[in-house]
Every structure is written in structure tokens, then in C-alpha cells.
Amino acid sequence: MIELPCPWCGPRNVAEFRHVGEATPRPDPATASPEEWRGYLYLRRNARGWTEETWYHSAGCRRFLRLTRDTVSNQIQPPGAPS
Amino acid sequence: MSEPGRNGSARSGWNSARNGSLNGSANGARRNGGLARSARYSAFSLLRHGLPGSAEWPRAWRTHELRDSYDVVIIGGGVHGLACAYYLAANHGISNVAVLDKGYLGGGGSGRNTAILRSNYLTPEGVRFYDRSLELYRNLATELNFNVMFSRKGHLTLAHNDSSLRTMHWRAEVNKLQGVDSSVIDPDEIKKLVPYLDTSAATRYPILGALYHPPGGIIRHDAVNWGYARAADALGVHLHQQTEVVGIDVSKQKVTGVQLADGRRIATPTVLNATAGWSTLISDMAGVRMPVQTSPLQAAVTEPVRPFLDAVVVSGTLHVYVSQTDRGELVFGASVDPFTSYSMRGSLDFIEGLAGHVLELMPALSKMRLLRQWAGLCDMTPDYSPIMGPTPVEGFYLDVGWGTYGFKAGPVSGETMAETIATGRPAQLISAFGLDRFERGELVGEKGAAAVGH
């Protein structure tokens, strides 16, 4: 069981959140090539270690948040700490 | 399986220079009943070894010195890697093969799954593929001379609402069209098959019907790993445990070798990534990016009780599957954890949810005790289908993205990947599962996979 630091609600149980996934920058649809768009849709780093990701506080403030998590130990990096 | 005619045609993809370096004894060994070097297991040998003063049982497989080069290096010593090595040697005469594993054989997903076999999937591609696997599993004990303890108990997928009942009908029709025994049955028939199931209408999630798949069942997963390892070893394949790969040498978009953690290097033109959980990391070494995200899936087992559950029971709505092993333990599995992770720790959330869901289905189990829980890593792809076949890097093959359905596909993926490697072309059964399908937008949406909500 892990706790996530919601910037609006404080530390809350992970069960309140929905995991949106790895932060993936969205290319401009007007100029992106099909390969870039495919990469945005499907390809993921799936890192074993520190990963920047998006979560949604679905059972709380219902806002999206960014945080950095170690995918091996599930530790959360405090905001602002060097990765 | 053992007709000699099968070896001929598929070998043509290997050029003659390569053929020259292959171990020629493989086909001969196969004709002598498959296993030349280790003793055959039989009732007679059991009796003989039981006599006082008899020799020790020979080891099931040998250890070898690492060679400087191999024709094929398979990364991952689970059921997929071992099966591929076995079929490379048995069907294609390619036995200069090394299987490398950073831990021990069958220590990953192949030893952590819930050992359920079935072929009642939703897409025609999936049904054909998994049904071939079931066919191979059916004859596996004879072929490998290893008791894999396959019991065809029958497999029930429960429907608790109209939409999943509709999906069950859909799956049943797709299955029938592919010649797979599968039908939708009503709660009365379910009650006859599994008397302990609460089929009354007064429950929170009443059971409206089920997809019944009589050929499905359970098997002993360790025996499958060991059986393939022993049979591959007998055909000359080298099995190297505790041998971690830390790099793949690629020159001009062609594989030339692999680097090991202890600093050694193996030269090879062909590398198969047959890992689960680590598949992204291995592909990264060859510079191949993949649409894979890794999540743990947890399972648990109870104390053994007398046999009372004759079928495998699955509920997609309640995210649980239950079966009883030959030893009498109940094995429970669930859906993947709600967020990606490489952690294989168990969680209390999981056990609480699981217990509630199991009791919803079978209230009589409320006094049973759980013995242990564990987790395995599932490499999830966007369409719940595997990624198999060649990559843009010549000589680097993938057999990954096995999500929650890898174990039941072990034999067929070994067979088809062996054919793909031997001929250089994707085998017909896996042509829909290539890495390039994501680029072309031709995804194979397999909603019949376990742990997928319908």
C-alpha cells in the first residue's frame, strides 16, 4: 500500500487515485508524422526505476497531478527533488 | 508430432554454411524416441530405481561450459524460451542453441501463473493460436516423456450482467466457427457442474450464465518448464542459469552477439527476447522500442482440502479465477494491479478484494485459510495480444508482451517462434502479432484475455 502526495489534498491512499500512465509529450497533430503519432499513442519507456507519470485523484479532488515514482520500490520522489 | 517428414521443409531458410555448423545428432536423437542422453521415465524405471542399491536418478538436464558462439541465443528460460529451444532442435535440427536466464529456469511468469489452459478467446487469430497450444499441451506428456499433469476439468467464464452475457455468446460463436468446443450455459447447468457456486438470484452480482469450455483445464506449470528443459537438453541445447545478459551487440542493424554480466561475450547472429517483465529492458539493449507496460499480477493459494471443485471458474466482473489443484489447494488469481510497477510485493488491498469476491461466488469457503500470496510481472500491450516475430534489427526476434496469457501459449509460441527463426519468416499463426501492427494500426483487440473487463 502506498501513499501519493496530492498537491491539493495532501498524502492520500493510492486506492483513491487512477493511474493515467507515463508522462508522454503530445506532438502537434498538424505537423506530426505518422511515426511520431504512433510513438505518442503506443510506445512507452516502461523504465525500471524513476518514472515521471500522471495520476488522477478520482476519489478526491478529481484533478490530475504529476509525480515521479520508482517503479521498483514504489517510492515517491518529493516534488522539486532532483531525479 | 514425431513424424520425420516435418523436419525437411522448414529448414530451407537456413543457408548451407550455417547448416554445416549445426549439431547433426539432433535428428538422430529424436528418432530414438526423442531423448538420447537422459534415462526415459517409465513405470519400469520407477520400479528399478526403487530397488535397494540402484543408481541415483540421472539429473534431468546437464550444465555446460558456455561456448564462445551459438547459432541462436534465447534470453529467458521460461516456458516460452525453453519450448522454442526444444522445437528449434526437434523440428528444425538447430541445436547449437543457448537458453540464458538471469535467475533459474521457470522462475518468472512461467512459475508464477495460475496454470489455467483454455482456447476460448474472442478474436479468430487468438482462438486459432491458443487452440494449437492446447493441442500441443494435450500430447505434451508423451512428447516430452515428463508427467505434466494436465487435467481437463472444463472452464467456466461467468457472466453477471447482460453485456458480459452478450460477449459470452459472441465468444461462443467465434469459438464454434474455429472448431473449438465452447457454449453458453444457464445457471441450472452451472450449478450441476459446480454445486458450491452461489447461483441464486439474490446475490449482489447474480450469475446469469457462463461460457462453458470443456477442453480447458489446469496443468502443473513447473513440470512443463522442466519437461521442456529436459527434452531440449537431450537434443543438445545448452541451458545456462544465473547468466544475466547486460547488452546486445548490434552492428549495421544486425545482431552480432550478447554481453553477459560477468564480462563474457557470446557471438551469435540470432537473439530471441523471450522474457516477461524485463522484455522492455532487453529490447532497449538492441535499440528496439516497444508498446509494453509492466504491471504485477497477484495470486494466492489456500490450504489443501478434499476435492470439491471440478472446473476452473472465472469471473471477469469480480476479477477472480479459481481452480483446485490435484493436491487440493485452491488457486486464486485476479486482474493486474491498478498501476504499472516492477515490484513483486504482495499487497493487502489485493487479498481483501480477492477474499470478498471469492466469497461472493462461493460463500462456503469463508472458513478456509490462505497459505500464501505472490506476484508475477505482466507485460501488457495496448491490444492484449502478444508481440511476436522479427524486428527492424536483423536477427533480433521478439516473443514478448504476454500480459496475462503467456503460460497457456507456451508450446505454440515455442513452435511458431522456432519456425520463424528457422525460416526467417513469421509463421502463419503469428502473422497478426508482429511489432509492425501498431504502426499499421492493425491491432488485434483481444478482449477474451483474462483480467480484461468487458
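## Close-up views of chains A and B

**View 1. Here is where the two chains meet.** The contact draws 13 residues from chain A and 20 residues from chain B; two residues are in contact if their C-beta atoms, placed from the backbone, lie within 7 Å. On the side of chain A that touches chain B, the residues split into 5 nonpolar, 5 polar and 3 charged. Here Ala, Val, Leu, Ile, Met, Phe, Trp, Tyr, Cys and Pro count as nonpolar, Asp, Glu, Lys and Arg as charged, and the others, Gly among them, as polar. Keep in mind that this is a predicted model: local features need pLDDT of at least 70, side-chain atom pairs count only at pLDDT 80 or more, and totals for chains, interfaces and linings use all residues. Residues are numbered from 1 along each chain as its sequence is written, while chains are lettered from A and ligands numbered from 1 in the order in which they are written.

**View 2. Now for a sheet of 6 strands in chain B.** Chain B has 14 helices and 19 strands; these are DSSP runs (helices H or I, at least four residues; strands E, at least two), numbered from the N terminus. The open sheet runs in the order E8-E2-E1-E12-E19-E18, with mixed pairing; two strands pair if DSSP finds at least two bridges between them. Strands E8 (238–240) and E18 (387–390) of chain B are at the edges with a single partner strand each, so one side of each has no neighbour in the sheet. On average, neighbouring strands here are turned by 15° against each other, direction ignored. Zoom in on E1 (residues 72–75) and E2 (residues 97–100) of chain B: they run parallel and are joined by 4 bridges. Val73(B) has Ala98(B) in E2(B) as its bridge partner.

View 3. Axes are lines fitted to C-alpha atoms, for helices over the stretch in contact, and angles run from 0 to 180 degrees between N-to-C directions.

**View 4. H5(B) also meets helix H10 of chain B.** The axes of H5(B) and H10 (residues 221–234) of chain B come within 9 Å and cross at roughly 30°. The residues that meet include Leu82(B) and Tyr86(B) in H5(B), and Tyr228(B) and Ala232(B) in H10(B). This contact divides into 11 nonpolar residues, 1 polar and no charged.

**View 5. Next comes a sheet of 3 strands, also in chain B.** This open sheet has the order E9-E10-E11 and antiparallel pairing. E9 (245–251) and E11 (265–267) of chain B are the edge strands, each pairing on one side only. E10 (residues 254–260) of chain B and E11(B) pair over 3 bridges, and Gln259(B) has Arg265(B) as its bridge partner in E11(B).

**View 6. What is the phi of Ala115(B)?** Phi is near 60°, a positive value in a residue other than glycine. Ala115(B) sits in the loop between E2 and E3 (116–117) of chain B. Ala115(B) is buried, with 25 other C-beta atoms within 10 Å; buried takes 20 or more such atoms, exposed 12 or fewer, and partly exposed lies in between, with C-beta atoms placed from the backbone.
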